[in-house]
Amino acid sequence: MQTTATSAFRKTAETFASGAKTLEQKYSVSPEIFAKEREVIFSTQWVCVGHQSQITKPGDYFTAEVAGESLIVLRDKEGRVRSFYNVCRHRGTRLREDHNGHLSAIQCPYHAWTYGLDGRLVGAPHMDDVEGFDKADYSLHAVNLALWEGFIFVNLADSPIPLEKVFAPLAGKFSHWNLPKLRSAKRIEYDVQANWKLIFENYSECYHCPGVHPALSKLTPYDSAENDLCEGPFLGGFMRIAKGNSLTMTGNTCALPVGDIKAEDHNRVFYYSLFPNTLLSMHPDYVMVHQLWPQSPERTLIFCDWFFHSEAFDRSDFHPNDAIEFWDMTNRQDWHVCELSQQGIASRAYRPGPYSPRESIPAAWDREYLRHME
């Protein structure tokens, strides 16, 4: 039985979608729109590039591509996480070709200019005789970087709004999920032939779940969503786990609880989108995170990580594949219908269609997107 508060809450959410329609065709197919998105969204907003557990020791690093720019993300000798453009200050050579590893210094493969982990130029062969040359003038170009709940965010803007101010609406909201101390057990990379916005919209509703996700629908009712963030850059809420103890292939819990999960949350799964590139799915026993990286109007790379309590890895009751296989199956079902949507939207017959009351969050996501674009 619904409470009066719950009924009112759903009515408010439905009002947000009233009269809203899907985006015009150009937003999914236009190269000009895609170029503008890179410039006004992905080059100016805080975007997630990874988690601090990827670089636990000084000298650990990984590379990331943001808005067409290659970046090096590393942990320096003092344990600080830093990011630099992957560009030598001599003749612009790309410094690192690999995706991750460990190093004591960054050396250019072309002329052996060498940089410390703090970005300072420490070695430049045969440059001592160049009049006026000072190594202090040629440090690597740094990138704005900040941590939120253990996740690493970067921003390419010259003077961005501080991340703590942007993320103020989420302050303390996820503390009990222990996110900074989790570790990824698996990453799967998906190459999806669909516009990145279609993936956000798909993630933000379960109207499609009965037909597209029969296994998921057996464990969690598609109409059980309760959204607590309904406008702005952060959107989402929870759904109930009605059958079994977890969203896994067996329906059983696959690991230790990730944190100090509240009693009522042991039967809930929380889904939040963080504009513009992160999907955060929090289960009692694991956390799934998607990073979305648009490659073209019709193509998106998706990095999906499954995070678990660090102490779970050495226990006999740790069965990560139970969750990974379940969501790999579910992910691929989603990507397939997103690709079908991309194909249909590209048709001359496409016209924006009306959102249903169960699609209030996709409608809200579209509004946030258009606010940045217009």
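Which backbone oxygen lies 3.0 Å from a polar atom of the side chain of Thr114? Keep that in mind; point 4 answers it. The model is predicted.

1. **The disulfide.** The structure holds 1 disulfide. Its partners are Cys206 and Cys209, with 1.8 Å from S to S. A pair of cysteine sulfurs counts as a disulfide within 2.5 Å. The angle about the S-S bond is -105 degrees, and the link of Cys206 and Cys209 is left-handed.

2. **Where these two cysteines sit.** Buried or exposed, what is Cys206? Cys206 is buried, at 11% relative accessible area. Cys209 is buried too, with a relative accessibility of 3%. The cut-off for buried is under 20%.

3. Cys48 is buried, at 1% relative accessible area. Cys304 is also buried, at 0% relative accessibility.

4. **Thr114.** Now the opening question. The backbone oxygen belongs to Ala112, and it lies 3.0 Å from a polar atom of the Thr114 side chain. Thr114 is part of strand β7, which covers residues 114-115. Thr114 is buried, with 13% relative accessible area.

5. **Neighbours of Thr114.** Leave out residues up to four places away in sequence. Thr114 then touches Ala105, Ile106 and Gln107, along with Arg120, Leu121, Val122 and Gly123.

Notes
Residues are numbered from 1 along each chain as its sequence is written. This is a predicted model: local features need pLDDT of at least 70, side-chain atom pairs count only at pLDDT 80 or more; totals for chains, interfaces and linings use all residues. Side-chain values use heavy atoms; hydrogens and water are left out. Buried means under 20% relative accessible area, exposed over 50%, partly exposed in between (1.4 Å probe, protein chains only). Helices (H or I, at least four residues) and strands (E, at least two) are DSSP runs, numbered from the N terminus. A polar contact is a pair of N or O atoms within 3.5 Å; within protein, one must be able to donate a hydrogen and the other to accept it, and residues adjacent in sequence count only if both atoms are side-chain atoms. Contact means heavy atoms within 4.5 Å.
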